[in-house]
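Please read this report with the sequence and the 3D view side by side.

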Amino acid sequence: MGQLDTKTALITGGSTGIGLATAHRFAAEGAHVFITGRRQAELDNAVAAIGDNATGIRGDVSDLDDLDRVFAAITTRGRGLDVLFVNAGGGAFATLEQLTPEGFDDTFGINVRGAVFTVQKALALLNEGASVIVTGSTAASKGNPAFGVYAASKAALRSFTRTWAAELAGRNIRVNTIAPGPTNTPGLSGLAPDPSQAQGLLDMLAGNVPLGRLAHSDEIANAVLFLASDQASFVTGTELFADGGEAQL
Ligand SMILES: NC(=O)c1ccc[n+]([C@@H]2O[C@H](COP(=O)([O-])OP(=O)(O)OC[C@H]3O[C@@H](n4cnc5c(N)ncnc54)[C@H](OP(=O)(O)O)[C@@H]3O)[C@@H](O)[C@H]2O)c1
């Protein structure tokens, strides 16, 4: 028996990194997993690696028409949604002085607007007892220079999680935030200004973690699985840190 047997899940940003690791884990636990992302090649590779339990749908979460196509495809399958992992996101380094309106809109457009309308458009599909998990970040609890817009976008999501948990409790739908610490993914390496500086950035970030290393994506996926599963049946509105102690100690 898998922990997600007969369940249907959607993971936005499921083609690489934390989303892909979680898609593998959900599929291994018996779920059918829909995954999204903007790049078709990465999606195709991810679906091929996961196997028959995965369906890829290309889409940008900041584009409402793309979101409609994603939910139309899930509607066609006819089983609703038991797990929604609102994970697509990213950011870029810029101090307050360096910040541009375009950079602000890009980060908030994907991380916040994209997440809000993903959840809104999923409402009709969410089954009784469903679990919604939103990817936050330890950055929301800290004051890292040059990461303010990203941190604020994740703090906004942490706030929305509380509100959505309250609004959906009557349908027995749980809503929680997963807050990863620095996790070894293409997205994290991509924060470096050029590839030659990526390792230095990863080493610096690992040095801020009490456990002394970056997380593996699988370690975040394990925590997401807990929130998605019946093991977390009395857990809602919370923020689960999987951060090696980064924001705790
Ligand atoms: N890695 C970390 O240290 C860390 C720590 C805390 C929180 N997080 C959060 O964890 C989540 C996943 O990040 P990751 O590190 O796994 O990064 P990643 O490897 O870059 O994966 C991001 C995924 O999201 C997709 N994506 C990005 N923008 C999208 C958009 N507008 N619409 C649809 N899909 C989109 C990407 O595919 P496409 O590029 O093809 O669209 C990819 O599948 C993000 O929300 C990130 O902020 C990461």
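## Thr-107 and its surroundings

Leaving aside residues up to four places away in sequence, Thr-107 touches Gly-91, Ala-92, Val-149, Tyr-150 and Ser-153, where two residues are in contact if their C-beta atoms, placed from the backbone, lie within 7 Å. Thr-107 lies in helix H4; helices (H or I, at least four residues) and strands (E, at least two) are DSSP runs, numbered from the N terminus. The C-alpha atoms of Thr-107 and Ala-152 are separated by 9.8 Å, although these residues stand 45 residues apart along the chain.

Is Thr-107 buried or exposed? Thr-107 is buried, because 23 other C-beta atoms lie within 10 Å. A residue is called buried if 20 or more other C-beta atoms lie within 10 Å of its own, exposed if 12 or fewer, and partly exposed in between, with C-beta atoms placed from the backbone.

## How to read the model

This is a predicted model, in which local features need pLDDT of at least 70 and side-chain atom pairs count only at pLDDT 80 or more, while totals for chains, interfaces and linings use all residues. Residues are numbered from 1 along each chain as its sequence is written.

## The chain as a whole

The protein chain has eight helices and seven strands, and its C-alpha trace spans about 50 × 35 × 30 Å along its principal axes. For 249 residues, a compact globule would have a radius of gyration near 18 Å, and the 17 Å of the protein chain agrees with this; the radius of gyration is taken over C-alpha atoms, and the globule rule is 2.2 Å times the number of residues to the power 0.38.

Buried residues make up 45% of the 249 residues in the protein chain. Of the contacts in the protein chain with a separation of 6 or more, 69% are between residues 24 or more positions apart.

## The sheet and the helices on it

Seven strands form an open sheet with parallel pairing, in the order E3-E2-E1-E4-E5-E6-E7; two strands pair if DSSP finds at least two bridges between them. Strand E3 (54-58) and strand E7 (239-242) stand at the edges with a single partner strand each, so one side of each is left without a neighbour in the sheet. Neighbouring strands of this sheet are turned by 20° against each other on average, direction ignored; such axes are lines fitted to C-alpha atoms, for helices over the stretch in contact, and angles run from 0 to 180 degrees between N-to-C directions.

Strand E1 (residues 8-11) and strand E4 (residues 81-86) pair in the parallel sense over three bridges, and the bridge partner of Ile-11 in E4 is Phe-85. Helix H3 (residues 64-77) lies across E1, E2, E3 and E4, and runs at about 150° to E3. Helix H5 (residues 148-168) packs on the sheet as well, touching strand E5 (126-135), strand E6 (174-180) and E7, and its direction makes about 160° with that of E6.

## Strand E6

How many of the residues of E6 are buried? Seven of the seven are, so E6 is largely enclosed by the rest of the structure. In a regular strand the side chains alternate between the two faces of the sheet. Both faces of E6 are covered, with Arg-174, Asn-176, Ile-178 and Pro-180 buried on one side and Val-175, Thr-177 and Ala-179 buried on the other.

E5 and E6 run parallel and are joined by five bridges, and in E6 the bridge partner of Val-134 is Thr-177. E6 and E7 also pair in the parallel sense, over four bridges, and in E7 the bridge partner of Ile-178 is Leu-240.

## Two residues with positive phi

Most residues other than glycine have a negative phi, and most peptide bonds are trans. Thr-6, in the segment before E1, has a positive phi near 70° although this residue is not a glycine, and Thr-6 counts as exposed because 10 C-beta neighbours lie inside 10 Å. Ala-146, in the loop between E5 and H5, has a positive phi of about 70° and is not a glycine either; Ala-146 is partly exposed, with 15 other C-beta atoms within 10 Å.
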